[in-house]
Amino acid sequence: MTAMLAKRDITVIPYRATLPEGFICPEPDGRPDSMYQSPVIDECGHILRDHFSARADVLVDTGGFVFYDSGNLNRRVRPDLYVAHGVEAGTIFARNGYFIWEAGKPPDFALEVASESTHREDTGRKHILYAGMGVGEYWRFDPTAAYYGYSLAGDRLVNGDYQSIPLATSHDGIVWGYSPALNLNLCARDGRLVFHDPDTDQYLLNLPETKYALEERNAALEERNAALEERNAALSAAKAEVERLREELRRRPGP
């Protein structure tokens, strides 16, 4: 899996607070399918937040509202996950909502996870809505392929319309496609959505995998330190033996 992302200048768009005084962003409503979707959404959110953690100009949000009409704050949508580059992420989080006219741009990436009650909206109304909002990429993931009829699909906005992002299937059955917005490969693998970094040719780790990798690393370090301590002890013993022999030679009577 290899792909190249053209280098671009990153400019943080200044945040412009223009909402009515006293407006409070509503809390997201619960969904009947949240227990089905939440593990996937939470895992993807953790992975991408960790991946972009060094970038203060990248916002990764799961389940928050995106407002797209400054004249009607009831016109809002709640992607399962979205990512925006070149924005004041901290300010947007503090505002508890992504207001496109304040952030200065729409999100670059949106992801929906299929469920019984949302899959028709994901492939219908939201497909049209995200294109109209100017969301650069729109991806859908279905862990079982039972609702969409496929496990993974992605579209890229070209001249105001979405065009399908090419997907491939590896020899071991992984369906994957490249996201220019994230500079990552999205991979449907064993009912999970995983992310592959083409620059490092490594998969990004989720929280349990990160914990396991740290534990393995710590165990390897402890083993290395134990080996070093054993080596140092052996060297100290050898030095002590050399000193003992030297002292013994000094004490021997001359010829």
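Q: Why is Asp-108 called buried?
A: In this predicted model, Asp-108 has a relative accessible area of 17%. Buried means under 20%, so Asp-108 counts as buried.

Q: Where is Asp-108 placed, and which residues does Asp-108 touch?
A: Asp-108 sits in the loop between α3 (100-103) and β6 (109-113). Leaving out residues up to four places away in sequence, Asp-108 touches Val-83, Ala-84, His-85, Val-135, Gly-136, Glu-137 and Ala-181. With one of them, His-85, a polar side-chain atom of Asp-108 is 2.7 Å from the backbone nitrogen.

Q: What makes the pair of Asp-108 and Lys-105 a salt bridge?
A: The N to O distance between the two side chains is 2.8 Å. The rule asks for a side-chain nitrogen of Lys or Arg within 4 Å of a carboxyl oxygen of Asp or Glu, so the pair qualifies. Side chains of opposite charge can pair when their charged atoms come close.

Q: Is Lys-105 buried or exposed?
A: Lys-105 has a relative accessible area of 17%. The cut-off for buried is under 20%, therefore Lys-105 is buried.

Q: How many salt bridges does this rule give?
A: The count comes to eight. Among them is the one between Glu-43 and Arg-192, at 3.1 Å from N to O. This pair links distant parts of the chain: Glu-43 belongs to helix α1 (residues 34-51) and Arg-192 to strand β13, 149 residues apart.

Q: Why is Glu-43 called buried, and why is Arg-192 called partly exposed?
A: Glu-43 has 18% relative accessibility, so Glu-43 counts as buried. Arg-192 has 23%.

Q: What are the labels of Asp-57 and Arg-55?
A: Asp-57 is buried, because its relative accessible area is 9%. Arg-55 is partly exposed, with 32%. The two form a salt bridge, their closest N and O atoms being 2.8 Å apart.

Q: Why is Asn-159 called exposed?
A: Asn-159 has 78% relative accessibility. Exposed means over 50%, so Asn-159 counts as exposed. Asn-159 is in the loop between β8 (152-158) and β9 (161-164).

Conventions. Residues numbered from 1 in each chain as written. Predicted model: local features only at pLDDT ≥ 70, side-chain atom pairs only at ≥ 80, totals over all residues. Heavy atoms only, no water. Helix = DSSP H or I, 4+ residues; strand = E, 2+ residues; numbered from the N terminus. Polar contact = N/O pair within 3.5 Å; in protein donor to acceptor, adjacent residues only side chain to side chain. Contact = heavy atoms within 4.5 Å. Buried < 20%, exposed > 50% of the residue type's maximum accessible area, 1.4 Å probe, protein only.
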